[in-house]
There are 2 protein chains.
Amino acid sequence: MHTQSSHVRRCHDFRWDDVPLLEYKAVDEAPFKDVTRQVLFQRDDMASELRYFEVAPGGHSTLERHAHVHAVIILRGRGRCLVGIEVTAIDTHDLITVPPMTWHQFRAADDAPLGFLCMVAHDRDRPQLPTADDLVQLRARPDVASFLDGAA
Amino acid sequence: MHTQSSHVRRCHDFRWDDVPLLEYKAVDEAPFKDVTRQVLFQRDDMASELRYFEVAPGGHSTLERHAHVHAVIILRGRGRCLVGIEVTAIDTHDLITVPPMTWHQFRAADDAPLGFLCMVAHDRDRPQLPTADDLVQLRARPDVASFLDGAA
């Protein structure tokens, strides 16, 4: 039996062989806090990619929307997500579907990280950020405003 | 905060809300032992699907190959896999890439299940089973023969 294989990459505490730990995004590109990115599967002969994002305790991803769909499974920890106008508690192995052009954001708990796999199409559009008007509309709902402010 | 959401499906011990537990394959379709299938993400507007397979202790998936690529991440337990002519021990969160037209099989340990996510293109070819000649070639390697016989 091989201990090393060209087809198998081992995981050590949510870091993977031959997978670099990347910044989530360029810092000046969009607002976010304490998020890392690892691209686990990305090949020209694959229709989709699988990435692992980890949000540190108290951190959050960017509030954004796009035409492509996100399929997410939580791999580690817990937190909350906003999808559309729904704020929901999420825990390890829960599934989240983000439909096209739907505002979404992921927030880790204050005392736990939130690590998740995200499947996206290889060819996809760039995310859009909310305008001031979009934020006014989202914040019209008290639970959404509270979520966006990072309040529990 | 919502306790239920149309976008979030909760996990309870590797079963998910609104996801039926399916047979891996039709029993007369191909050889396998003690494998279940849950389709976690499958939509017409997604380029790929994400399925969860669970092999019970001592069980195994079908030995097969196909043109489409498999991207696999172990979600639970441990075991071994054959990819091409490489037999490798695999553990929780390890990544396995199955390139096009490459023989592959997953086997759970005798004392642990092997649960894994598998990403595949929405449009894909059907698996091929090995011919008697293919099996002779694969079994020419003692470690592969031992793997196929389920020996540790």
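**View 1. Bridge partner of A:Leu22 in β5(A).** A:Leu22 has A:Arg37 of β5(A) as its bridge partner. The model is predicted: local features need pLDDT of at least 70 and side-chain atom pairs pLDDT 80 or more, while totals for chains, interfaces and linings use all residues. Residues are numbered from 1 along each chain as its sequence is written, with chains lettered from A and ligands numbered from 1 in the order in which they are written. Strand β4 (residues 22–23) of chain A and β5(A) run antiparallel, joined by 2 bridges. Strands are DSSP runs of E with at least two residues, numbered from the N terminus; two of them pair if DSSP finds at least two bridges between them.

**View 2. Hairpin of β5(A) and β6(A).** These strands pair in the antiparallel sense over 7 bridges, and the hairpin joins them through 6 residues. A:Arg37 is placed opposite A:Phe53 of β6(A).

**View 3. Strand pairing across the two chains.** β1(A) and strand β9 (residues 95–98) of chain B form an antiparallel pair with 2 bridges. A:Arg9 has B:Leu95 in β9(B) as its bridge partner.

**View 4. Contact between chains A and B.** In contact (C-beta atoms, placed from the backbone, within 7 Å) are 39 residues of chain A with 39 residues of chain B. β8(A) gives the most to the side of chain A that touches chain B, 5 residues.

Key
Contact = placed C-beta atoms within 7 Å. Helix = DSSP H or I, 4+ residues; strand = E, 2+ residues; numbered from the N terminus.
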